[in-house]
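Let's take a walk through this model, one neighbourhood at a time. Keep the viewer open and follow along.

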Amino acid sequence: MQALQNIYKTRENFIRLLNSLDEEAINRIPYGFNNNIIWNFGHIIVTQQLICYKLSSLPMYVDAQMVDSYRKGTKPQGIVSVEEIETFKQMALNTMDQMEEDLKQRRFQQFQPYTAETFGIRLNNFEEAVGFNAVHEAMHLGYALALNKAVLRELQPSS
């Protein structure tokens, strides 16, 4: 499934961005924005679990606290530590590896249709959910890159 490869690549690019920044930059909410880079990263992990696993009536591989902190409609609630950031990086790749394994095991047999209201897209089956997820994650990577530019401007010393 090509969409899976697109998601892997987007997550690798997101991790590359995180690796290029320090904890302050990753957690900073620049002027004019309502979230930060790490919130966007946590959000893509949670959203993938919700639309691919929960809507397929399968247990998710993230805990309820993470879902409550990063689901749609939430905002950053404090500083995410370097240790947590590292955990998120591992989780981003591990959850994709797990989804690939679950696909091979044919675990995705049912799906509760869902409308992604922000996009106006109806997801009728698992394949559509994965395709949507790839687009959703790419959008959040783009948003994180815009956040990065704003953060770097704010953190640069004035000349």
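**Starting from a cysteine**

Leaving aside residues up to four places away in sequence, C52 touches M99, F108, F126 and V130, where contact means heavy atoms within 4.5 Å. Before going on, a word on what you're looking at: this is a predicted model, in which local features need pLDDT of at least 70 and side-chain atom pairs count only at pLDDT 80 or more, while totals for chains, interfaces and linings use all residues. Residues are numbered from 1 along each chain as its sequence is written, and side-chain values use heavy atoms, with hydrogens and water left out.

Back to C52. You'll find C52 in helix α3, residues 37-53; helices here are DSSP runs of H or I with at least four residues, strands are runs of E with at least two, and both are numbered from the N terminus. Is C52 buried or exposed? C52 has a relative accessible area of 0%, so it is buried. The cut-offs are under 20% relative accessible area for buried, over 50% for exposed, and partly exposed in between, using a 1.4 Å probe and protein chains only. C52 also sits 8.5 Å from F111, C-alpha to C-alpha, although the two are 59 residues apart in sequence.

Now for the way the helices pack. Two packed helices are described by the angle between their axes and the distance between the axes. The axes are lines fitted to C-alpha atoms, for helices over the stretch in contact, and the angles run from 0 to 180 degrees between N-to-C directions.

Take α1 (residues 2-19) and α6 (residues 126-155): their axes come within 9 Å and cross at roughly 20°. These two helices are therefore roughly parallel to each other. The scheme calls angles under 35 degrees roughly parallel, over 145 roughly antiparallel, 65 to 115 roughly perpendicular, and the rest oblique.

Which residues do the touching? On the α1 side they include L4, I7, R11, F14 and L17, and on the α6 side they include V130, A134, E137, L141 and N148. The residues of this contact split into 11 nonpolar, seven polar and two charged. In that count, Ala, Val, Leu, Ile, Met, Phe, Trp, Tyr, Cys and Pro are nonpolar, Asp, Glu, Lys and Arg are charged, and the others, Gly among them, are polar.

Helix α1 also packs on α3, with axes that come within 11 Å and cross at roughly 155°. That makes α1 roughly antiparallel to α3. The crossing of α1 and α3 is left-handed. Here R11, F14, I15, L17 and L18 in α1 meet I37, I38, N40, F41, I44, I45 and Q48 in α3. By class, this contact has nine nonpolar, two polar and one charged residues.

N148, in helix α6, is worth a click too. N148 touches L17, L21 and I37, again not counting residues up to four places away in sequence. With 11% relative accessibility, N148 counts as buried. Elsewhere in α6 there is M139, which counts as partly exposed at 39% relative accessibility.

Finally, the charged pairs. A salt bridge here is a side-chain nitrogen of Lys or Arg within 4 Å of a carboxyl oxygen of Asp or Glu, and the count by this rule is six. One of them pairs E137 with R11, with the closest N and O atoms 2.7 Å apart. This pair links distant parts of the chain, E137 in α6 and R11 in α1, 126 residues apart. Where do the partners sit? E137 is buried at 0% relative accessibility, and R11 is buried with a relative accessible area of 0%.

Compare E12 and K9, whose closest N and O atoms are 4.0 Å apart. Both lie in α1, three residues apart, about one turn of the helix. E12 is partly exposed at 35%, and K9 is partly exposed at 45%.

Another salt bridge joins E24 and R28, at 3.7 Å between the closest N and O atoms. Salt bridges that share partners tie E24, R28 and E154 into one network.

Definitions and conventions: A crossing is left-handed if the near helix is turned anticlockwise from the far one by less than a right angle, and right-handed if clockwise.
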